[in-house]
Amino acid sequence: MNTKWKKNRIVSLFSITALISALFIAAPVAANAAPVCDGKSPIQSCVGKTSDGAPYSMSVPANFKGTVALWSHGYRFNVDIPLGIPPLIAPYKVTNTPEPVPGGAAGAAAVAGYLLGQGVAIMGSGFARQGWNADSAIATNVELISVFKKAFPTTTKVVAWGGSLGGFITQALAEKHPELISAAAPLCMADNIEPQLTMAGDFLWGLKTLFDPSIKAGNYAAGPAGVAESFADLSKVFTVLGKVQAGFTPGVGWPDTSSATGKALAAAGIPVRSALLLLGLMSGIPTQSTHFDSITVGPLGLGFTLAAMPALAILQNGFRAAALGVLATQDVENQAGGAIFDNTATNYRARIVHERVVFNAALSGNSAIDGMLAALSPLNPGAPRAKADPAAVAKMRALRTNTGKINVPTVLMVGVADTVTPAGATQRIVDVYTLQAAAEKAAALRASKGTIGSYAKPANKLLTLWNVTPASYTTFTAAGAPITTTPAAQGTGHCNFTLAQLLFVAKTLITASSTGNLPSGGGLTFAVRKVGSLSIDPFFRAPLLKFYNE
């Protein structure tokens, strides 16, 4: 490594770092106009708007080699949220600021720096609509690819990646327009809207039914009135979860807002922690959270690990799942024109056949489990089920859904205990591809029948990276209290990836777009081990979302 290269590299990195602040700010440009570029070197920045008014930003290195990486950002709330609405500690303002790379404030510069340093351009849109916007976002991305190619005619390859809802958008783009991209990476991918919101709806319905009947939990009014109702629900949900948390302390018990059904369970001696855990299990919320692994035996002993820790994980995960559930439900109901959650035919008993064995101690035993399930049965007038508007459900189902078909080399990556977009959404794609790959192999065998040596094994088009949790990670103070102020454990939270993991995906995308092949064999195993906290175990299987009644 010579000194001259070092100096140039340092200058380049400083230029890239300075660029990052500009990447997310699009100057006023007329919609559907050619991008406005600053012409600078070594990195040229361009901004503009697509025909739907979605702002975008592009960054192109002087040594552009023909490949551009298109990033799709995740779910953003589509309403302004004032200060005082939990869980916000600051007001939220709807934004359509472009986001051309992942990594957040800490990692975006490094991800951009890596790609630009490889001669790869980056781009991303803020989209014209926030909230659940897959149909709109796909149209924006299709147009943005065309705009980039016209502005930079030496473009030969487009790779697409995105996180959360952006992962769903990326998979949708690859399914609908495989001719436009060479490789894809849906990260921490959301499932289709109905199974995704069923998870939230089940949990919210349970909170309402047991802990606070005044929670609306869906069927919000249209327009501003519905927004106000959703804000009220947020406050109630977070208040009651706080009361449930307090109820974990011996002698405190169930929330004072509990329904008659909830009070009857309390009178029967069922701990509030067991009731919360049941709601989480029947909804499909992970039982490992950012700080509770449900495994570690600390100073409080095995009883705490078995009985309390899974419920604490549901509590920690439930805060975030409930917030997104309330606001996303209101958003989609507003688009569909009515109530979309329906559990009139849901069999919660069947949903937890396996879990009631694994978490028997935490659920306080079979008698308590059966008592809680009876309380939540449709036969109990004190637990009225939610009924959807059929017309609204039809409109919701008309929104973009993904089949799971893999058309281009694809990299999936997800935390095995992701709070918001459970690993089961990724597993569904894996399952679909297993059948697809078998069919492609069978077709190739039929095509080669009778011709010796003509069989060509179809190329593998899917690499799944499971972001795994550590063997144990819950820590305790000297007094024995669990510590919840440390960084979230790998494999937990939402889209909680390291910089090394994101860079590995970026490198894999670039290579796959060029060669048409994904890495495999010993080289892949070594690379994954070096990155850390990733598994490519072909025998690992995440449970599907409860919607699928697996």
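Helices here are DSSP runs of H or I, at least four residues long, numbered from the N terminus. Just after one of them, α9, Gly337 takes a positive phi of about 90 degrees. The model is predicted.

**Helix α9**

Helix α9 covers residues 302–336. Its end C-alpha atoms are 48 Å apart, which agrees with the 51 Å that its 35 residues should span at 1.5 Å a residue. The helix bends by about 45 degrees at Ala308. A proline, Pro310, follows within four residues of that bend. Of the 35 residues of α9, 26 are buried, so the helix is largely enclosed by the rest of the structure.

Asn317 lies in α9. Is Asn317 buried or exposed? Its relative accessible area is 2%. The cut-off for buried is under 20%, so Asn317 counts as buried. Its side chain reaches the backbone oxygen of Pro286 at 2.9 Å. Beyond residues up to four places away in sequence, Asn317 touches Ile285, Pro286, Gln288, Ser289 and Thr419.

**Helix α3 and its cover**

Helix α3 takes in residues 134–151. From first C-alpha to last, its 18 residues reach 25 Å, close to the 26 Å expected at 1.5 Å a residue. Its buried residues include Ala134, Ile138, Asn141, Leu144 and Phe148. Glu143 is buried too.

Ser51 sits in the loop between β2 (43–49) and β3. The side chains of Ser51 and Glu143 make a polar contact at 2.7 Å. Ser51 is also in contact with Ala31 and Asn32, its neighbours within four places in sequence left aside. With 47% relative accessibility, Ser51 counts as partly exposed. From Ser51 to Val468 the C-alpha distance is 41 Å, and the two are 417 residues apart in sequence.

**Strand β5**

Why is β5 described as largely enclosed by the rest of the structure? Because 5 of its 5 residues are buried. Ala121, Met123 and Ser125 point one way from the strand, while Ile122 and Gly124 point the other way.

β5 pairs with both β3 and β4, as set out below.

| Strand paired with β5 | Sense | Bridges | Residue facing β5 |
|---|---|---|---|
| β3 | antiparallel | 4 bridges | Ser57, partner Gly124 |
| β4 | parallel | 4 bridges | Leu70, opposite Met123 |

**Nonpolar cores**

In soluble globular proteins, nonpolar side chains tend to be buried together. In this model, the largest nonpolar core has 89 residues. Which of its members touch the most others? They are Leu115, Trp132, Trp161, Ile181 and Leu187. Apart from this core lies another, of 61 residues, among them Ile85, Leu204, Phe292 and Ala368.

The contacts of Trp132 reach along the chain. Leaving out residues up to four places away in sequence, Trp132 touches Tyr75, Leu165, Phe168, Ala190 and Ile193, among others. Its contacts also include Asp191, Asp331, Val332, Gln335 and Leu399.

Note on methods. Residues numbered from 1 in each chain as written. Predicted model: local features only at pLDDT ≥ 70, side-chain atom pairs only at ≥ 80, totals over all residues. Heavy atoms only, no water. Core = buried A, V, L, I, M, F, W, Y, C linked by side-chain atoms within 4.5 Å. Buried < 20%, exposed > 50% of the residue type's maximum accessible area, 1.4 Å probe, protein only. Contact = heavy atoms within 4.5 Å. Helix = DSSP H or I, 4+ residues; strand = E, 2+ residues; numbered from the N terminus. Expected span 1.5 Å × (residues − 1). Polar contact = N/O pair within 3.5 Å; in protein donor to acceptor, adjacent residues only side chain to side chain. Pairing = 2+ DSSP bridges. Bend = angle between axes of the 7 residues up to and from the residue.
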